[in-house]
Amino acid sequence: MRIAIGSDHAGFRYKTALVELLRELNHEVHDFGTNSEAPADYPDFIRPVAEAVAAGEADKGIVLGGSGNGEAMVANKVRGVRCAICWNVTSARLARQHNDANVVALGQRLIKLQVAKDIVTTFLSTEFEGGRHIRRLEKMRAIES
């Protein structure tokens with residue numbers, strides 16, 4: 001799977017660990033930065049992740065920050081992106097099954113690294129259920145228009 005990933009300084013440590021995990025799982029990873037814990041503005045790194053997913057250049061996206069809130073807000077500004085803030089495996093599974101989320105937002109300051117890894121592996125391995133959820137996605141897409 002082609003994965004786009006990006007973070008600000010507050011998500012850098014987890015991003016680095018997740019890139020390593022993703023490569024171990026044989027995913028193709030495009031890291032949009034940041035590349036250090038020096039203060040950085042998250043829109044500069046999150047927008048390219050969201051645009052890569054929306055353009056079909058990446059199958060899924062992962063965005064990280066201190067809380068994941070600002071990162072999700074930026075990602076969701078890009079047409080075609082459905083970014084879910086996840087804090088546990090259940091929230092990740094439901095984001096995929098019910099919402100067909102294509103980007104996940106994580107907060108390094110709010111969850112442990114192993115939880116972040118578990119969220120990512122669940123997010124990437126869970127399929128969208130379709131069915132009754134399709135009409136809800138169509139209503140979301142109508143809002144974007």
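A: Start with Glu37 and Arg13. Their side chains meet in a salt bridge, with 4.0 Å from N to O. The term means that a side-chain nitrogen of Lys or Arg is within 4 Å of a carboxyl oxygen of Asp or Glu. Side chains of opposite charge can pair when their charged atoms come close.

A word on the source. This is a predicted model, in which local features need pLDDT of at least 70 and side-chain atom pairs count only at pLDDT 80 or more, while totals for chains, interfaces and linings use all residues. Residues are numbered from 1 along each chain as its sequence is written, and side-chain values use heavy atoms, with hydrogens and water left out.

Why does the pair of Glu37 and Arg13 tie together separate parts? Glu37 sits in the loop between β2 and α2 (43-54), and Arg13 sits in helix α1, so the bridge links parts 24 residues apart in sequence. Helices (H or I, at least four residues) and strands (E, at least two) are DSSP runs, numbered from the N terminus. Both partners are partly exposed: Glu37 has a relative accessibility of 49%, and Arg13 has 46%. On this scale buried means under 20% relative accessible area, exposed means over 50%, and partly exposed is in between (1.4 Å probe, protein chains only).

Helix α1 covers residues 12-24. It has 13 residues and reaches 19 Å from its first C-alpha to its last. That is close to the 18 Å expected at 1.5 Å a residue. The expected span is 1.5 Å times one less than the number of residues.

Which residues of α1 are buried? They are Phe12, Tyr14, Lys15, Ala17, Leu18, Val19, Leu21 and Leu22. Their cover includes β1, β2, β3 (60-65), β5 (103-107) and α5 (113-125). Here contact means heavy atoms within 4.5 Å.

β1, α1 and β2 make a right-handed β-α-β unit. Strands β1 (residues 2-7) and β2 (residues 28-31) run parallel and are joined by four bridges. In β2, Val29 is the bridge partner of Ile3. Two strands pair if DSSP finds at least two bridges between them.

Next, the turn out of the helix. Asn26 has a positive phi of about 65 degrees, although it is not a glycine. Most residues other than glycine have a negative phi, and most peptide bonds are trans. At 67% relative accessibility, Asn26 counts as exposed.

A cis peptide bond joins Gly33 and Thr34, with omega about 0 degrees.

How many salt bridges does a search of the whole structure find? It finds six. Glu51 and Arg47 form one of them, at 2.8 Å from N to O. Both lie in helix α2, four residues apart, about one turn of the helix. Glu51 is partly exposed, with 36% relative accessibility.

Asp100 and Arg96 also meet in a salt bridge, at 2.8 Å from N to O. Are these two buried or exposed? Asp100 counts as buried at 18%, and Arg96 is buried at 4%. Shared partners join Arg82, Arg96 and Asp100 into one network of salt bridges. Asp100 lies in the loop between α4 and β5. Its phi is near 50 degrees, a positive value in a residue other than glycine.

Last stop: helix α4, residues 89-99, where Ser91 is found. Ser91 counts as buried at 11% relative accessibility. A polar atom of its side chain lies 3.0 Å from the backbone nitrogen of Trp87. Ser91 and Tyr42 are 49 residues apart along the chain, and their C-alpha atoms are separated by 23 Å.

Back to the start. The bridge between Glu37 and Arg13 ties the loop between β2 and α2 to helix α1. That helix belongs to the right-handed unit with β1 and β2.

How values were computed. Right-handed = clockwise from strand over helix to strand, strands pointing away. Polar contact = N/O pair within 3.5 Å; in protein donor to acceptor, adjacent residues only side chain to side chain.
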